[in-house]
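Have the viewer open and follow along.

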Amino acid sequence: MRFSTVSLFPEIIEASLNYSMAKRAIERGLFEVKHFQIRDHAVNAYGKVDDALYGGGTGMLLMPEPVYQTVRQAGHSFAQDNPEAGKNVEIKEKVIYLSPRGRQLTQELAAQLLDYNHLILISGHYEGIDERVLEEVVAEEISIGDYVLSGGELASAVLIDVVMRMIPGVLPDNEAWQKESHASGFLEENQYTRPAVWRERKVPEVLLSGHAARIEKARELSALTNTMARRPDLLTASVMSAEDWFTLLKTLDIQEECK
Ligand code: ADE
């Protein structure tokens, strides 16, 4: 899988790929990231890529042609580096524009993006991008949250991080992403490591019991109560089994008794 970034500040995105899990996965060839610089396709010798808004308004807007040429370059580069693509292997390419207007990035949407072998991520800067180029390259707009960043680069880095962690082989097996917060529709359970007692706070007894089935149940319970306390909206949105509901209601009952 390749992520191609189209931006003015690729260094921001690159910085997030030079550490830890992403770095190791790239070294192991599990995915790759290529950066394409919009300024390389400037409309004049002074590196001009932006201009004032038609109709007035503050700030500058990225012009369509430099962005268009950069997206095309990313597409050509992928085809060139993968000669089998388009013949034996289908090119599954998607162009994404990171924007606060976009569809909200969720674990579920990130999982859907795994179906593609080439994601082209456009990061806007200044006031944004001329609308016509987004139409021309058929960009899907994705937002990482209801707030405005000063550029799309951090959002691109977030998207790459979320998607690459789900590529098979990137996470060690015992850390499979399916077990984490949001993957199952629930938040993660509380977790503990040594020492068993820290500043008079004890690790829950059951986790020290060595009883696998009871430990599993206790973790499920912790995940359910965490979700209920922090993000009750997820409980209605997720598909909860009858058993989950039973466990949840029983927990509530126990908590009521303990008061
Ligand atoms: N660019 C600026 N703000 C953004 C956001 N919230 N999500 C994605 N891209 C952005």
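## What you're looking at

This is a predicted model.

## Around the ligand

The residues around the ligand are Leu-98, Ser-99, Pro-100, Ile-142, Ser-143, Ile-144, Gly-145, Tyr-147, Val-148, Leu-149, Gly-151 and Ala-155. Sorted by class, that shell has eight nonpolar residues, four polar ones and no charged ones. Strand E5 (93-104) and strand E7 each put in at least two residues, and E5 gives the most, with three.

Which backbone atoms sit across from the ligand's nitrogen atoms? A polar backbone atom of Ile-144 is 3.0 Å from a ligand nitrogen. For Gly-145, a backbone N or O atom lies 3.1 Å from a nitrogen atom of the ligand, and for Leu-149 the corresponding distance is 3.0 Å. As for cover, the ligand taken alone exposes 260 Å², and the protein buries 96% of that.

Ser-99 is one of the residues around the ligand, and you'll find Ser-99 in strand E5. Is Ser-99 buried or exposed? At 8% relative accessibility, Ser-99 counts as buried, because the cut-off for buried is under 20%. Setting aside neighbours within four places in sequence, Ser-99 is in contact with Glu-141, Ile-142 and Ser-143.

Now hop across to Glu-141, which is in strand E7 (residues 140-143). Glu-141 has a relative accessibility of 16%, so it counts as buried too. The side chains of Glu-141 and Ser-99 are joined by a polar contact of 3.3 Å. Not counting residues up to four places away in sequence, Glu-141 touches Tyr-97, Ser-99, Arg-101, Gly-102, Arg-103, Glu-131 and Leu-134.

## Ala-139, just along the chain

Ala-139 is in the loop between helix H5 (131-136) and E7. With a relative accessible area of 19%, Ala-139 is buried, since the limit is under 20%. Leaving out neighbours within four places in sequence, Ala-139 is in contact with Val-95, Tyr-97 and Leu-134. Tyr-97 and Leu-134 turn up in the list for Glu-141 as well.

## The aromatic pair

How many aromatic pairs does the structure hold? There is one. The partners are Phe-3 and Phe-31, arranged edge-to-face, with 5.7 Å centre to centre and 90° between the planes. Phe-3 lies in strand E1 (residues 2-7), while Phe-31 is in the loop between helix H2 (20-27) and strand E2 (32-37), so the pair ties together parts that are 28 residues apart in sequence. Both Phe-3 and Phe-31 are buried.

A few backbone angles deserve a look. The peptide bond from Arg-194 to Pro-195 is cis, with omega near 0°. Pro-195 belongs to the loop between helix H6 (153-164) and strand E8 (197-198). His-182 lies in the loop between H6 and E8 too, and its phi is near 80°, a positive value in a residue other than glycine. His-182 is partly exposed, with a relative accessible area of 38%.

Arg-199 is another non-glycine residue with a positive phi, near 45°. Look for Arg-199 in the loop between E8 and strand E9 (201-202). Arg-199 is exposed, with a relative accessible area of 68%.

## Ile-215 in helix H7

Last stop: Ile-215, in helix H7 (residues 212-230). Its relative accessible area is 14%, so Ile-215 is buried. Apart from neighbours within four places in sequence, Ile-215 is in contact with Val-206, Leu-207, Ser-209 and Gly-210. Between the C-alpha atoms of Ile-215 and Glu-205, ten residues apart along the chain, the separation is 9.7 Å.

Conventions. Residues are numbered from 1 along each chain as its sequence is written. This is a predicted model: local features need pLDDT of at least 70, side-chain atom pairs count only at pLDDT 80 or more; totals for chains, interfaces and linings use all residues. Side-chain values use heavy atoms; hydrogens and water are left out. Rings of Phe, Tyr and Trp (its six-membered ring) pair if their centres lie within 6.5 Å; planes under 30 degrees apart count as stacked, over 60 as edge-to-face and the rest as tilted. Helices (H or I, at least four residues) and strands (E, at least two) are DSSP runs, numbered from the N terminus. Buried means under 20% relative accessible area, exposed over 50%, partly exposed in between (1.4 Å probe, protein chains only). A polar contact is a pair of N or O atoms within 3.5 Å; within protein, one must be able to donate a hydrogen and the other to accept it, and residues adjacent in sequence count only if both atoms are side-chain atoms. Contact means heavy atoms within 4.5 Å. A residue is near a molecule or strand if one of its heavy atoms lies within 4 Å of it. Accessible areas come from the Shrake-Rupley method with a 1.4 Å probe; for residues, only the protein chains shown count as cover. Ala, Val, Leu, Ile, Met, Phe, Trp, Tyr, Cys and Pro count as nonpolar, Asp, Glu, Lys and Arg as charged, and the others, Gly among them, as polar.
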